[in-house]
Amino acid sequence: MPSSSAYSDTEKDSSIANYKEPVVELHALDAIPESEKEAAIDTVAAADQYTEAEFKKLARKIDWVMLPLMWILYGLQQADKTGISTQATFNMRKDLGMVGQQYALLTTIFYVTYLVCEAPGNYLMQRINIGKLLGVFMFIWGVIVLCTGFVQTWPQMMVLRALQGMFGAWYKTEEHAMRGVIWGTANAGFGIISSLCMYGIGTAALKNPGGIDAWRGISFFLGGFTILMSIITFLIIGTPREVWWLTEAEKRMAAARIVGNQTGSDRSKHGDWKWDQVKVAFKDPQTYFFFFVSIVNALPNGGTTSFGSLVYVSFGFTNLETIAQGTVPRHALSIVWFLTVGYLTRRFKRIRFLVIVIAIIPAFVGMLATALQPDDDAHLWSKWGTYFMTVTGDVAGLLLWTFVPSNVAGRTKKSVTSVILFVAYCVGNSVGSQVFQAKWAPRYVPAILISAIFYGVEIVAMLAWRWYYIYENRRRDILALSKGLSKEEQEHLGRLAAEADMTDYENQ
């Protein structure tokens, strides 16, 4: 049975939504290794030993360090990954002699290797300091991006894109809605910064035709900046247990602050891979909702991130106009929309499903309208406007990821669920890029129509997922009435079970 936290987005009384079926406290304690039992019990006890003011003070310290850095890192990796769309407008395809689907394959190979390396990535993250691991692989990623500026042929670019996908599998968003959305604005916020830099690089290249090609200069810029940030990541990033800039007392408080989630605080590093949790993950209906919705969401994303700039060119914009009048305004709207969503999800509880559905509707309408408009100069700005509408759909993918830390307990089960979500994400993006067939260039009308259809399917899938949670909550209501433990006892036992690294199925 899924954990109660999984149903936090359904409309019902919070005391019932947070209900946990009773567990035997001795069973929860027995599940904790002796070396970690004292820390687990202390973490649960500590949750009631600090004031809300102390927790808020610690949260501010963590936010001041982590949010700006993660914002830059998240935006940078997105720019590294999707910069190829802008590079394509600066004759990259012609310079490398690409024909047919070869350009689309650059995105497909990236996500194939991204997918293959996600499982070992999650496995290693349970055993190695996360900050050090990310720093090393970011450095390698940066070198690879830098090297793309030197390639002379399509096969060389394919090899580098494969390697880029391999080392890109180490980026993750593992926070809840508001902070997750703040990080999500990095895609757009840093996108504006990188787009303006690309605009400057493109302008310089056009003024100096005998110099470095614009698309190569973009690779040098992104690769060099990634290498610089990898060093900072190595020194600063990590879980609360790993970082040097929290005192031991603050690390204890950080664990206590999140213990109420009943998904584990990570105060002790649970390094064992638990195969029973793998089985539980595949029994959980949530897993299949995660997979299906993610793959449907990723399909249009895979095409638009690779071909978005080319779509603007098909409207009649030049490469520089595409950046200034297409990419930058889209990013600006995205920031406003993401922050609005972040505020709403923080201000009003259990509305993430509703927000996702509302966000997808303009994307669906915009894609459909863009594809159906005539191909003439008179409709340039109307096509610009309808394609502009599709920005709202970007937030859906990010909010899906916030469901994992909120709803899934057990370190191995979380890792498995994350891998499954990444598999869907990678498959969707790799297939999505192939939807944009070369024979449909330059307007790609059938591909845009297919993207609209997938947005429609996503709306239906999200409504079905929400119905499932409501159904499960009502079933748990009936079970709650038959149990004799008080709300406080249920909460206490649930926290112990979470610190024992139980899954949300066991934590009942």
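Leaving aside residues up to four places away in sequence, Gln78 touches Gly83 and Asn187, where contact means heavy atoms within 4.5 Å. Gln78 lies in helix 4 (residues 52–88); helices are DSSP runs (H or I, at least four residues), numbered from the N terminus. Because its relative accessibility is 15%, Gln78 counts as buried, a term for under 20% relative accessible area, with exposed meaning over 50% and partly exposed in between (1.4 Å probe, protein chains only).

This is a predicted model, in which local features need pLDDT of at least 70 and side-chain atom pairs count only at pLDDT 80 or more, while totals for chains, interfaces and linings use all residues. Residues are numbered from 1 along each chain as its sequence is written, and side-chain values use heavy atoms, without hydrogens and water.

Asp394 belongs to helix 17 (residues 394–407). With a relative accessible area of 36%, Asp394 is partly exposed. Asp394 and Trp337 are 57 residues apart in sequence, and their C-alpha atoms are 9.6 Å apart in space.

A pair of helices comes next. The axes of helix 12 (residues 275–283) and helix 18 (residues 411–435) come within 8 Å and cross at roughly 50 degrees. Helix 12 is therefore oblique to helix 18, since angles under 35 degrees count as roughly parallel, over 145 as roughly antiparallel, 65 to 115 as roughly perpendicular and the rest as oblique. In this contact, Gln277, Val278, Val280, Ala281 and Phe282 of helix 12 meet Arg411, Thr412, Lys413, Val416 and Ile420 of helix 18.

Notes. Axes fitted to C-alpha atoms, helices over the stretch in contact; angles between N-to-C directions. Helix = DSSP H or I, 4+ residues; strand = E, 2+ residues; numbered from the N terminus.
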